[in-house]
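Here is a short report for a reader meeting this structure for the first time. Look over the sequence and the model before reading on.

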Amino acid sequence: MKCPAHAEKQVRKTSRKQMSSETPTAGPEVPMENTQFPGVPDVEGKTKSNDGPVERLEAGSGKEECLESMSKRQRKKLLKQKQWEEQKDLRRQKRKEKRQKRKLERQSKLDSSSEGNDRKCMRREVVPSTLRLVVDCSFDDLMVLKDVKKLHKQIQRCYAENRKAFHPVQDIQIRTEHYSELIKKEDLVYLTSDSPDVLRELDEKKAYVIGGLVDHNHHKGITYKKAIEQGIGHAQLPLGNFVKMNSRKVLAVNHVFEIILAYLEKRDWKEAFFSVLPQRKGAVPLGEANDSSKHALAGKEDEDNDSDSN
């Protein structure tokens with residue numbers, strides 16, 4: 001059993017605690033109207049979050065609103081990224097084509113090097129001829145400057161063809177001395193289309209002279225007269241025995257030079273002529289030319305007979 005004094009003291013303490021709990025603490029009043037706690041439904045029954053309002057993008061318009069919210073630089077970057085992704089296959093194809101191209105180039109280089117080696121081997125098999133060819137360049141006073149330049153180009157062509165020939169003649173040299181001073185007269189043969197002598201074979205002990213003249217047939221027979229005056233041999237190529245030509249049988253310096261080189265290789269005049277003569281000369285084999293002329297005459301006779309019958 002408790003004493004009355006102790007009971008009274010206990011009652012006082014309890015009353016103090018109740019008074020302190022009912023008295024509000026001092027400080028600014030906090031409005032409670034708009035305060036909402038997470039997960040607590042409002043009057044309408046909707047749950048609100050304390051993270052702030054969030055715009056909800058509608059389906060289909062989300063990307064457009066997202067692009068509009070981007071800066072210009074970001075849109076460009078996004079566009080470049082998209083283009084890069086789209087062109088991935090194209091870049092792969094280009095890389096493949098480049099690799100293939102490099103492979104073909106390497107193969108081409110290998111083929112060209114092997115071809116060059118083959119040419120070197122062929123060049124070792126070349127057998128030079130002892131035959132000599134001379135270009136008589138003493139007709140400058142009979143040519144205008146334009147024709148002198150043409151002659152110069154023809155001689156250059158002779159030099160190039162001689163380097164490629166299987167049986168090249170002796171190296172071309174430019175000498176100021178007259179050829180009669182360098183070669184014995186009995187070894188000289190002047191090639192001229194006006195000579196009555198027709199060349200049958202080439203004597204590789206001889207030196208054949210080609211007249212270096214571009215005169216467009218203004219000085220006919222001049223090389224033949226020169227050979228007679230100098231007392232040296234002369235001859236013409238057997239062109240008329242194998243070839244029918246529409247023009248006069250006068251050839252350029254390089255054509256005569258190339259025909260002789262071709263004959264040294266083929267040992268056949270007909271093959272030599274038709275491997276060199278240009279088409280503008282209208283050259284055809286002699287037999288075919290005769291056949292065509294016979295057909296032309298026969299056709300003309302038939303026309304005459306038809307006209308008589310009418």
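Buried means under 20% relative accessible area, exposed means over 50%, and partly exposed covers the values in between. The model shown here is predicted.

Take Cys158 to begin with. Its relative accessibility is 1%, so Cys158 counts as buried, the cut-off being 20%. Cys137 comes out at 41% and counts as partly exposed.

How many disulfides does the structure hold? The number is zero. Cys137 takes part in no disulfide, and the nearest cysteine sulfur to it belongs to Cys158, 9.8 Å away. Cys158 is likewise in no disulfide.

Four strands make up an open sheet. Their order is β1-β3-β2-β4, and the pairing is parallel. Which strands stand at the edges? They are β1 (132-136) and β4 (233-235). Each has a single partner strand, so one side of each is left without a neighbour in the sheet. From one strand to the next, the twist averages 30 degrees.

Helix α7 covers residues 222-230. This helix lies across β1, β2, β3 and β4. It runs at about 155 degrees to β4.

## Strand β2 and its partners

Strand β2 spans residues 188-191, and strand β3 spans residues 207-211. Four bridges join the two, which run parallel. Three bridges join β2 to β4, and this pair runs parallel too.

Some residue pairs show how the strands line up. Val189 stands opposite Tyr208 in β3. Leu191 has Ile210 as its bridge partner in β3. In β4, the bridge partner of Leu191 is Ala235.

In a regular strand, side chains alternate between the two faces of the sheet. Strand β2 can be read this way: Leu188 and Tyr190 point one way, while Val189 and Leu191 point the other way. Are these four residues buried or exposed? All are buried.

## The nonpolar core

The largest nonpolar core holds 45 residues. Which of them touch the most other members? Leu202 and Ile259 do. Six elements each supply at least two residues of this core: β1, α5, β2, β3, α8 and α9. Helix α8 gives the most, with nine residues.

Ile259 shows what such contacts look like. Leave aside its neighbours within four places in sequence. Ile259 is then in contact with Leu237, Leu251, Trp269, Ala272, Phe273, Val276 and Leu277.

Side chains of opposite charge can pair when their charged atoms come close. The count here comes to eight salt bridges.

The side chains of Arg92 and Asp89 meet at 2.8 Å, N to O. Arg92 is partly exposed, at 43% relative accessible area. Asp89 counts as exposed, at 56%.

Glu258 and Arg157 also form a salt bridge, at 3.8 Å, N to O. Glu258 is buried, with a relative accessible area of 11%. Arg157 is partly exposed, at 42%.

Arg267 and Glu204 form a further salt bridge, with their closest N and O atoms 2.7 Å apart. Arg267 is partly exposed, at 44% relative accessible area. Glu204 counts as partly exposed as well, at 25%.

Which residues do salt bridges with shared partners join into one network? They are Arg157, Glu161, Lys164 and Glu258.

Note on methods:
Residues are numbered from 1 along each chain as its sequence is written. This is a predicted model: local features need pLDDT of at least 70, side-chain atom pairs count only at pLDDT 80 or more; totals for chains, interfaces and linings use all residues. Side-chain values use heavy atoms; hydrogens and water are left out. Two strands pair if DSSP finds at least two bridges between them. Axes are lines fitted to C-alpha atoms, for helices over the stretch in contact, and angles run from 0 to 180 degrees between N-to-C directions. Contact means heavy atoms within 4.5 Å. A salt bridge is a side-chain nitrogen of Lys or Arg within 4 Å of a carboxyl oxygen of Asp or Glu. Buried means under 20% relative accessible area, exposed over 50%, partly exposed in between (1.4 Å probe, protein chains only). A nonpolar core is a set of buried Ala, Val, Leu, Ile, Met, Phe, Trp, Tyr and Cys residues joined through side-chain atoms within 4.5 Å. A disulfide is a pair of cysteine sulfur atoms within 2.5 Å.
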